[in-house]
Amino acid sequence: MKTYLPPKFIVERDDSRCIRCEVCVNQCTFDVHSYDTEDDELRSREENCVGCHRCVVFCPTEALTIRENPLDYRENYNWRPEVIEDIIKQSETGGVLLTGMGNDKSYRIYWDHLVLNASQVTNPSIDPLREPMELTTYLGRKPDRVEFGSLGLKTELAPQVKLEVPVMFSAMSYGAVSLNVQESLARAATEMGTLWNTGEGGLHPKLYKYGDNTIVQVASGRFGVHPEYLNVAKVVEIKIGQGAKPGIGGHLPGEKVSAEVSSTRMIPKGTDALSPAPQHDIYSIEDLAQLVYALKEATNYTKPIAVKIAAVHNSAAIASGMVRAGADIIVLDGLRGSTGAAPKIIRDNVGIPIELALASVDDRLRQEGIRNQASVVIAGGIRNSGDVAKAIALGADAIYIGTAALVALGCTLCQQCHTGKCAWGICTTDPWLTKRVNPDIGARRLSNLLRGWSLELKDILGGMGINALESLRGNRLHLRGVGLTDTELEILGVRMAGS
Amino acid sequence: MKEAVTIDAKGIFYRELNAKLRKAVSNGTQKIELRNVYGQRYIGTDLDKPVEIEIFGTPGNDLGAFMDSPRIIVHGNAQDGCGNTMNNGEIIIHGHAGDILGLSARGGKIFVREDVGYRAGIHMKEYQDKKPMVVIGGTAQDFLGEYMAGGILILLGLNLKEGESHKANFIGTGMHGGAIYMRGEVQEFQLGKEVGVTELDENDHQILSQFVGEFAAHFGYEAEMILNNEFRKLFPRWLRPYGRLYAY
């Protein structure tokens, strides 16, 4: 069938700069560039271009420019080019449209409507260059009260995990991303005193040595879950849902289940790794409690158990149930949470913005007097340390980053993760491509990112006259809203700027 | 080190009971007898030695969840989640078992003398020599072997009366690995779309005679009497049942 899809991008090659080195040919994984030996000319198949800019970055003479195809259809606000192209794709395939990364639609980003406070005159700001500033965060259940005896603390504490920086790497499974990506994340987390998350794909033997900085996931497919896997980790996370696809399971396509991937998922090579939509032992809060305590038993009460849900309409009530079910950490993944593959219609239409979910969950747990019983971690589109500071002021204990970490490794959000052809070598298991992420360099890029954010967080705190992140946590008086309605301000629990 | 111990579980909360089990196993105990078990959960979880645990009474949910090597014998019925994500070992139940028996099991063997609840064997999986195996003496409820990705599920229907058929619907829905062997009547409409039905070959007969033999030895049946009946094999028609679902 002839496709009616026009090229999405235009490839411009400056022939006076091109030296026929064929770097673009070798770097492109979507077969855009090719070299014609007879005519000594490079040609482009623009219809294949996904706009990942791998060729642009690696072209040694900067001969390439990739521009979006303007696709000047007749102006129509309802029938935008994307809408038209999706219909064309489905009429040619009859399938569920798949995509990668997070929701790219123009839902309001509340971080951009929240501003932080600073000290002026009436209380001094602190200079983080000369005074100690603390970002240390402890995740885990905190006691209702503490008792001291002659030998110090008498109260028995639930297991706590110490983070030097309140930013962790979100769940990305081996199979979705490559082993080199996971190794980069694990090494950076170890170096910076934070945690990375295996996702639902098991743990490669090469990464067991980073166990002290590892969160292992138990999700509906239970891939690679066995006693050794649970015991090596610092935290065990039960995954109920994901912001990019609330209520949906995962299908890792058979093509991505290579021999190596099959060894950590522990399924035969080439079969689909199907994660059912629900966990079939969890149909209620009581059932969740059963799995939480099964994992506590399986790890002899030595580590916190986290439960991750997608932020949805009833998150606050669900979160309350999760805490009562024994979760030591609850994780909320918002509307803009990312994925290696999800139905586009789900990614773009299901779930609620993380800012609103966080505010309402934190409120609800406080109202019920159980906020101390679990740490709250959020995920889903956190872009920089400003977002982190605002999230902490709204009530988060720590933040997961996924997309930001991948961008540090080269990702340009071309949203082709589900194809397994990632030209940046991130979201692929093709051995030729995975070499493009060198764990030495990857770990350095990620550590640099976290270091930069830590310094900025200290600057933000110092400006507020605060010397510990703990003093900002849940302190919404340090936030003001700009351009928000009364209802939005009420849900966020912040006042209008100027008031 | 003690060869065998008896623990009276009467009135003990599961956390305390399991702590006792951990301690006994780490002391090198080979055989543990649990008396007066009344619904305590997670028995056998976090045990990783081939200890034998004999249970008298009714163990609670998630019996042997995440278990790695013990052999558990239940003189009574098991509840839901028995053998949940089990890694290795053996569970022998002289009675019935509840829902999601062997959920996501990755290895080991489960024998149930009587009936089981819904979704038995759901999402069992196998890898190389790790191959979970479940034998059910009676019948099962709906969604038997749903999403099955590996392992062997044997349904014997020994308590079906003359002319009575299995009642389960949606058998093997979403199945993409492993095999289900069934004795007793089952109609086409009771099967999931993803399973095919075939006669047994030589290899299948070998598998059956081995595991039915073990089943018969556990519960005092004549293996030959069971094996002389007609069996059918259900198999996944595709390794990738949902491969054609998507547009790229």
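Two residues are taken to be in contact if their C-beta atoms, placed from the backbone, lie within 7 Å. The structure is a predicted model, in which local features need pLDDT of at least 70 and side-chain atom pairs count only at pLDDT 80 or more, whereas totals for chains, interfaces and linings use all residues. Residues are numbered from 1 along each chain as its sequence is written, and chains are lettered from A and ligands numbered from 1 in the order in which they are written.

Leaving aside neighbours within four places in sequence, A:Leu114 is in contact with A:Lys390, A:Leu479, A:Gly481 and A:Val494. A:Leu114 belongs to strand β6 (residues 114-116) of chain A; helices (H or I, at least four residues) and strands (E, at least two) are DSSP runs, numbered from the N terminus. A residue is termed buried if 20 or more other C-beta atoms lie within 10 Å of its own, exposed if 12 or fewer, and partly exposed in between. A:Leu114 is buried because 25 other C-beta atoms lie within 10 Å. The C-alpha atom of A:Leu114 is separated by 42 Å from that of A:Pro60, which stands 54 residues apart along the chain.

Strand β2 (residues 33-36) of chain A pairs with β3(A) in the antiparallel sense over 4 bridges, where pairing requires that DSSP find at least two bridges between the strands. A:Ser34 has A:Arg43 of β3(A) as its bridge partner. The two strands, β2(A) and β3(A), form a hairpin with 4 residues between them, and A:Asp40 in the turn has a positive phi of about 50 degrees. In a regular strand the side chains alternate between the two faces of the sheet. In strand β3 (residues 41-44) of chain A, A:Leu42 and A:Ser44 form the covered face, while A:Glu41 and A:Arg43 form the uncovered one.

Between the chains, 32 residues of chain A are in contact with 39 residues of chain B. On the side of chain A that touches chain B, the largest share, 4 residues, comes from α7(A). β5(A) also pairs with strand β12 (residues 246-247) of chain B, in the parallel sense over 2 bridges; A:Val96 stands opposite B:Tyr246 in β12(B).

Helix α7(A) is mostly covered, as 10 of its 14 residues are buried, among them A:Leu288, A:Tyr293 and A:Ala298. The buried residues of α7(A) pack against several elements, including α5 and β14 (235-239) of chain A and α1 (14-26) of chain B. After α7(A) comes A:Asn300, whose phi is positive, near 50 degrees.
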